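Visitor: I would like to learn how to read a structure step by step. Could you walk me through this one?

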Amino acid sequence: MSDLFLRACRGETVERPPVWIMRQAGRVLPGYRRLRRRVGFLELCKTPELAAEVTIEPVDALGVDAAIVFADILLPLEAMGAELEFSDGSGPRFPHPVRDRTGIGRLTRDDPAGALGYVYAALERVRRELDGRVPVIGFGGTPWTLATYLVEGSGSKRFAHLLGWSWRDPDGLAELLARIAEVSLAYLSAQIDAGAQAIQLFDTWGGLLSAERWRELARPPLLRVLAGLGRHPRPVPLIYYLRGGAHLLDELAGLPVEVLSVDWRQPLPAVRRAIGPHKVLQGNLDPAALLAPPPVIERLTRELLAAGGGGGHVVNLGHGILPTTPVEHARVFVRTVQQAGRA
Ligand code: CP3
């Protein structure tokens with residue numbers, strides 16, 4: 001039984017920093033890869049027994065201090081009525097992207113959060129099967145990051161549709177973001193009801209915007225989600241992950257979350273100086289560093305622990321683990337934290 005991760009998220013003094021790995025469930029482990037040869041990605045997400053199995057595999061195979069439920073940030077958009085395809089190799093695609101108010105009008109599905117029952121069923125199953133071994137994290141995307149996919153229709157380099165809309169008709173885009181925020185709040189609240197013990201919001205593309213535009217466009221719908229989750233009758237620690245946000249640190253200091261998760265480009269001591277002592281920091285080894293030889297990984301991990309200052313730190317990567325990472329290298333990362341942290 002271990003609640004080390006939750007105690008660390010709440011800012012309590014802990015015996016050593018906990019460690020988990022973003023995208024630990026679905027990228028490098030052999031059980032997942034074997035399963036994916038016979039089951040499509042969306043089908044896997046929608047089959048709670050299989051999603052639970054994949055969620056738990058890294059707890060057994062890597063020894064991480066927390067599990068993260070197997071799902072995807074884009075599922076609530078599908079539940080809102082946007083057709084979503086995952087084809088092998090090319091990532092997610094919305095064949096009918098939402099690019100104006102008419103597009104918003106096509107999102108007509110009733111009770112989207114209710115249509116995501118398979119995620120709640122997976123969470124209930126994970127809690128039952130883990131039986132307290134480690135806590136389980138629920139997650140979603142921020143409204144802004146979800147909109148990048150829904151508006152562009154796929155991954156993007158320039159985000160011309162989304163940014164174009166933001167200048168042409170900011171109120172229309174704000175309406176889309178508000179709709180996504182409302183569904184996200186209901187979805188994430190239901191994840192807590194189903195047993196999620198912490199919630200992480202992924203803002204993979206939040207760093208696209210200048211601080212001023214982030215405040216205008218991305219922050220209001222994000223705050224709606226965070227404030228709503230804060231009012232849940234059984235509140236859980238909230239983790240906000242932002243990629244490429246070194247210019248947004250002043251903004252982050254004021255967010256109503258317990259944990260800020262930052263990418264590898266910002267050294268933790270600098271983040272700490274900018275945001276003050278009150279939040280826990282999560283991160284932030286460069287995912288590519290896990291491609292280095294194991295002795296180098298050990299050294300970098302010890303340096304990361306020192307940068308975290310020994311407290312107020314949840315050890316993780318600065319973004320998802322790369323698919324080509326050898327499993328043994330991920331194990332070296334986890335083991336080094338668990339041994340060095342104890343010493
Ligand atoms: O540990 C885990 O992997 C838990 C489940 C999880 C997935 N997606 C499953 C998944 C989590 C936490 C996510 C988050 C997610 N999904 C993000 C935010 C984090 C990040 O990496 O920036 C984003 C932007 C997405 C959207 C998404 N889903 C993309 C861009 C892709 C294609 C490329 C990729 O990341 O693999 C996906 C597909 C996806 N989501 C896979 C998995 C395991 C790969 C599907 C496969 O097996 O082919």
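**Around the ligand**

Guide: Gladly! An oxygen atom of the ligand sits 2.7 Å from an N or O atom in the side chain of histidine 319. Please keep in mind that this is a predicted model.

Visitor: How should I read a distance like that, and which backbone atoms lie at such distances from an oxygen atom of the ligand?

Guide: The general idea is that a pair of N or O atoms within 3.5 Å counts as a polar contact. Here, a backbone N or O atom of glutamine 24 is 3.1 Å from an oxygen atom of the ligand, and for a backbone N or O atom of glycine 26 the distance is 3.4 Å.

Visitor: How much of the ligand's accessible area does the protein cover?

Guide: On its own the ligand has 840 Å² of accessible area, and the protein covers 85% of that. The space taken by the ligand is the largest pocket.

Visitor: Which elements give two or more residues to the shell around the ligand?

Guide: Those are helix H2 (30-38) and strand E3 (91-93). There are 23 residues around the ligand, and Arg23, Arg27, Tyr32, Asp72 and His319 come nearest. By type, the shell divides into 14 nonpolar, 5 polar and 4 charged residues.

**The sheet**

Visitor: How many bridges join E6 to E7?

Guide: Strand E6 (residues 238-242) and strand E7 (residues 259-262) run parallel and are joined by 4 bridges. For a place to look, find isoleucine 239, which stands opposite valine 259 in E7.

**Backbone details**

Visitor: Where is there a cis peptide bond?

Guide: Omega is the angle to check. The cis peptide bond joins glycine 283 and asparagine 284, with omega about -10°. Asparagine 284 is part of strand E8 (residues 280-285).

Visitor: And which residue has a positive phi although it is not a glycine?

Guide: That is arginine 23, with a phi of about 65°.

Note on methods. Residues numbered from 1 in each chain as written. Predicted model: local features only at pLDDT ≥ 70, side-chain atom pairs only at ≥ 80, totals over all residues. Heavy atoms only, no water. Near = heavy atom within 4 Å. Polar contact = N/O pair within 3.5 Å; in protein donor to acceptor, adjacent residues only side chain to side chain. Areas by Shrake-Rupley, 256 points an atom, 1.4 Å probe, with all protein chains shown as cover. 1 Å grid on protein atoms, 1.4 Å probe; cavity = no way out; pocket = protein on both sides within 12 Å on 5 of 7 lines; lining within 4 Å. Sits in = over half its atoms within 2 Å of the grid points. Nonpolar A, V, L, I, M, F, W, Y, C, P; charged D, E, K, R; others polar. Pairing = 2+ DSSP bridges.
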